[in-house]
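Please read the following structure slowly, keeping the model open beside the text.

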Amino acid sequence: LLVNNTKNKVIVSQKVFDQAYPASTTKIMTALLTLENLNLSQVVTIKHDITFPDGAAVAIHLKKGDKITVEALLNALIIMSANDAAVALGEAVAGSEANFVKMMNKRANGLHLSDHYSTAYDLYLIFKEVAKHNEFFNIAGRSSSRIEYLGSKGEQKIYDMASTNQYIAGTYTLPSQV
């Protein structure tokens, strides 16, 4: 789906309503709700160790008692697609993961379905809203970032991360015009 956002006109579209698993699309909605509801300088105290059954899940390994700013969590979420940052932000916005899912569905004007899916058009609508927040692009345009936060015992933790966006990271080049 290619849309002229100034004129709100579809330039090219193909299979924009085909169902697909949302993967990290959900993280863009997480960023949107975070930017709409929290201040970047707000400090979030992690309520519990955030772990995942799949050991390959991308994470910065947040532990109970860690104190980290919303801005640092957004960096981890947007730049490296950290799943634990998404959980921490969702809980900070809505109090719990379950409440955050309800907020996402309400904001997206949708209902929860057991076979969770999305479409290219859904992503366009979400992205159109998050594009209203310059903070998103300030973070998303970075090829790397360093975040600093306090561990549960007051020790300083530093996490260096590289972008998972292969165009920004330089792994792929943008296609040239034909």
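Just after helix α2, S81 takes a positive phi of about 65 degrees, where helices (H or I, at least four residues) and strands (E, at least two) are DSSP runs numbered from the N terminus. Most residues other than glycine have a negative phi. This is a predicted model, in which local features need pLDDT of at least 70 and side-chain atom pairs count only at pLDDT 80 or more, while totals for chains, interfaces and linings use all residues. Residues are numbered from 1 along each chain as its sequence is written, and side-chain values use heavy atoms, with hydrogens and water left out.

K15 is exposed, with a relative accessible area of 60%; here exposed means over 50% relative accessible area, buried means under 20%, and partly exposed lies in between, with a 1.4 Å probe and protein chains only. H61, also a residue other than glycine, has a positive phi near 65 degrees, and H61 lies in the loop between β3 (43–45) and β4 (67–69).

Let us return to helix α2, which is mostly covered, since ten of its eleven residues are buried; among them are V70, A72, L73 and L74. N75 lies in this helix, which spans residues 70–80, and N75 counts as buried because its relative accessibility is 3%. Leaving out residues up to four places away in sequence, N75 touches M80, I139, R142, S145, I147 and M161, where contact means heavy atoms within 4.5 Å.

In the loop between α2 and α3 lies A82, which is buried, with a relative accessible area of 0%. A82 touches K27, V58, A59, I60, A76 and L77, again not counting residues up to four places away in sequence. I60, for its part, is in contact with residues including I68, M80, A82, I147 and Y159, its neighbours within four places being left aside.

Which residues touch the most other members of the largest nonpolar core? Of the 39 residues in this core, they are I60, L62, I68, L73, L74, L77 and I147, a nonpolar core being a set of buried Ala, Val, Leu, Ile, Met, Phe, Trp, Tyr and Cys residues joined through side-chain atoms within 4.5 Å. The elements that give two or more residues to this core include α1 (25–37), α3 (83–94), α6 (134–140) and β5 (144–150), but α2 gives the most, with nine residues. In soluble globular proteins, nonpolar side chains tend to be buried together.

Finally, consider the chain as a whole. Its secondary structure comes to six helices and six strands, which follow the pattern β-β-α-β-β-α-α-α-α-α-β-β along the sequence. With 178 residues, a compact globule would have a radius of gyration near 16 Å, and the 17 Å of the chain agrees with this; the radius is taken over C-alpha atoms, and the globule rule is 2.2 Å times the number of residues to the power 0.38. Of the 178 residues, 34% count as buried. Among the contacts with a separation of 6 or more, 62% are accounted for by residues 24 or more positions apart.
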